[in-house]
Amino acid sequence: PSMLKRETLVGLITAFHQTGNMKELSAFLKSLSNNKWFKKNLNQKEVKGLHGEELLIWVIAMVNSEDFETLEELETHLKQDPRKDLDSKYFIDMLKETNACSNPKAKSFGIILQQKIIDAIARSPPRHPDLDKVVQLCSDERARSKLIDICSHRDRLERIPKPNEGSAWNKFNSSLESSLAPFVRGKCRAVRLEAAYAGCIMQGLEQCGVFESPPRTTPSSSSFVKNVFTAALHFSEDMFASMPALVQTLIQGVSNLPTAREEGEMLKALVRKMLQVGKVAEKDDALTTWTSQIEDALLKAAGSSIYEMRWSDAELTMGGKDYKQLHTKVKDALGESWLSIILARSRRLSWLPGHPIQFHPPRPRAVLRDLAEKYGEVLGQRLKNEVLALTPEAAAPRNTPRGEARSRSREREVPKAKAKAKAKAAPRAALTVFGGTDMPLGQALEGEYYKDGMNHGKFIFKKIGEDPTGSVDAVFLYFWNGEDCKEDLGWWFSDKVGGTDAFMHN
């Protein structure tokens, strides 16, 4: 051992490591350790100079020779190393070595390596080539949590390519494979990242015309359907279970595409993954809280007589003074696509692309059952029976106020005469209009108004009853934000919302 030169040993270790024969060299390395060879040949100054491949070689030597005292010195050096340009590839290879060793000092060194790797990923582009290895190797809970936070940061969520046309789905799937799939394979949940990709899929299906009648797909329809299935199959069973809105949108989208039958195996694989929908919800405490708060805010803003809200009105409502603080916090964390991320996770609001946001829960099990009836011969009898065994969610009646929908069971007990009288009763007044010196116009506008939806973040009010002058069919009071023309900013009386003929403007 005293005759052995450092460069000779480095060459030996490199050769044996590259050929996967380190066990053959371990006895020799242990004899060097017993003779204090590493201690004599690696003084403090030399340890500080180690980096990259050379540092990797010495870590391999320490672990295989069980010289944990010298390994501890390397750990101290690594902790104090201020350099930020170190290649994470070498740290990953070192982590493989320490993970294979049960010694506590090797595990301690491994935690430092994990921190260094995560720091390197934070400075890297979103599509890190070694993310798969890192997720698999990172066992430290704090390191994993930091890795998830980095990969779910607003900047990275906003860089997800949007599948807004047929040809964009290839790029989107490539992004899914490099950014989300490593967490799926590592059985590690990155909830915000999952919801961001789910929101992109939901909006992408709308922008590609899947929900139009008939569907407007790309010229290569079969290729488009395959890309949609490929994207969906990146999600795990647990992910689908916690995002019922994604299941509902995907299944209804697939049902609209005739060529979905041609991808029978992919369709069956997707349906199998969705059978647990609604049963579990992985926690991201902040995201769960925000989702609940935004659900409460939109439901409160709409009131019990409103059953749906346009996407733009939901954004304007949250941007108003009542919810400005919450809106800022959520947008700062999730980026410009914050609403699609929230709706992908929501269990109280439902959004089908091309339609307003509905104030009732998504119905994923119901649409799965509809799919099974339609594509039963593709799914096969066994899978079809599994789907039909799912209990469908209750349907909220179309065009029915939420308060009325919730009281349906009580209405059954009301005598028929009272129920009929209730059905004919006028809506509850929310606003009274009176005054004015122009008598014909005053008579047309005066009266009680009820809430009838929203426009530009404010309630629309519709007059109750008929115009006594007979000059107009209906009267609305609504707000216009003036983004397209400042002169239009304010409140308007008109015979229809956004109409060109207006009675009054303030």
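**Reading sheets, helices and buried residues**

A: In this predicted model, one may begin with the sheet of six strands, which is open, has the order 4-5-6-7-8-9 and is paired in the antiparallel sense.

Q: How many bridges join strand 4 to strand 5, and in which sense do the two strands run?

A: To read a pair of strands, one looks at the bridges between them and at the direction of each strand. Strand 4 and strand 5 are joined by three bridges and run antiparallel. One of the residue pairs is Leu-431 with its bridge partner Tyr-449 in strand 5.

Q: In what order do the strands of the three-stranded sheet lie?

A: The order is 1-3-2, in an open sheet with antiparallel pairing. Its edge strands are strand 1 (308–309) and strand 2 (350–351), each of which pairs on one side only. Strand 2 is joined by two bridges to strand 3, residues 357–358, and these strands run antiparallel. Within that pairing, Trp-351 is opposite Ile-357 of strand 3.

Q: Turning to helices, at what angle do the axes of helix 1 and helix 2 cross?

A: For a helix pair, one reads the approach of the axes, their angle and the handedness of the crossing. Helix 1 (residues 6–18) and helix 2 (residues 22–34) have axes that come within 9 Å and cross at roughly 150°. Because angles over 145 degrees count as roughly antiparallel, helix 1 is roughly antiparallel to helix 2. The crossing of helix 1 past helix 2 is left-handed.

Q: Which residues meet where helix 1 and helix 2 are in contact?

A: Helix 1 contributes Leu-9, Leu-12, Ile-13, Phe-16 and His-17, while helix 2 contributes Met-22, Glu-24, Leu-25, Phe-28, Leu-29 and Leu-32. Sorted by class, the contact has nine nonpolar residues, one polar residue and one charged residue.

Q: Is Ala-61 buried or exposed?

A: One consults the relative accessible area, for which buried means under 20%. Ala-61 has a relative accessible area of 0% and is therefore buried. Ala-61 lies in helix 5, residues 52–65.

Q: Which residues is Ala-61 in contact with, once its neighbours within four places in sequence are left aside?

A: The contacts of Ala-61 are then Ile-13, Leu-29 and Phe-38.

Q: Where does Val-135 lie, and is Val-135 buried or exposed?

A: Val-135 is part of helix 9, residues 131–137. Its relative accessible area is 1%, so Val-135 is buried. Beyond neighbours within four places in sequence, Val-135 is in contact with Arg-144, Leu-147, Pro-182, Phe-183, Gly-186 and Cys-188. Val-135 and Arg-185 are 8.5 Å apart from C-alpha to C-alpha, although 50 residues separate them in sequence.

Q: Which residues of helix 23 are buried, and what covers them?

A: In helix 23 (residues 364–374), the buried residues are Pro-364, Ala-366, Val-367, Leu-368, Leu-371 and Ala-372. Their cover includes helix 17 (244–255), helix 18 (264–273), helix 24 (376–379) and helix 25 (381–388).

Q: How many helices and strands does the chain have, and what percentage of its residues is buried?

A: The chain has 29 helices and nine strands. Of its 506 residues, 49% are buried. Among contacts with a separation of 6 or more, 65% are between residues 24 or more positions apart.

Key: Residues are numbered from 1 along each chain as its sequence is written. This is a predicted model: local features need pLDDT of at least 70, side-chain atom pairs count only at pLDDT 80 or more; totals for chains, interfaces and linings use all residues. Side-chain values use heavy atoms; hydrogens and water are left out. Axes are lines fitted to C-alpha atoms, for helices over the stretch in contact, and angles run from 0 to 180 degrees between N-to-C directions. Helices (H or I, at least four residues) and strands (E, at least two) are DSSP runs, numbered from the N terminus. Angles under 35 degrees count as roughly parallel, over 145 as roughly antiparallel, 65 to 115 as roughly perpendicular and the rest as oblique. A crossing is left-handed if the near helix is turned anticlockwise from the far one by less than a right angle, and right-handed if clockwise. Contact means heavy atoms within 4.5 Å. Ala, Val, Leu, Ile, Met, Phe, Trp, Tyr, Cys and Pro count as nonpolar, Asp, Glu, Lys and Arg as charged, and the others, Gly among them, as polar. Two strands pair if DSSP finds at least two bridges between them. Buried means under 20% relative accessible area, exposed over 50%, partly exposed in between (1.4 Å probe, protein chains only).
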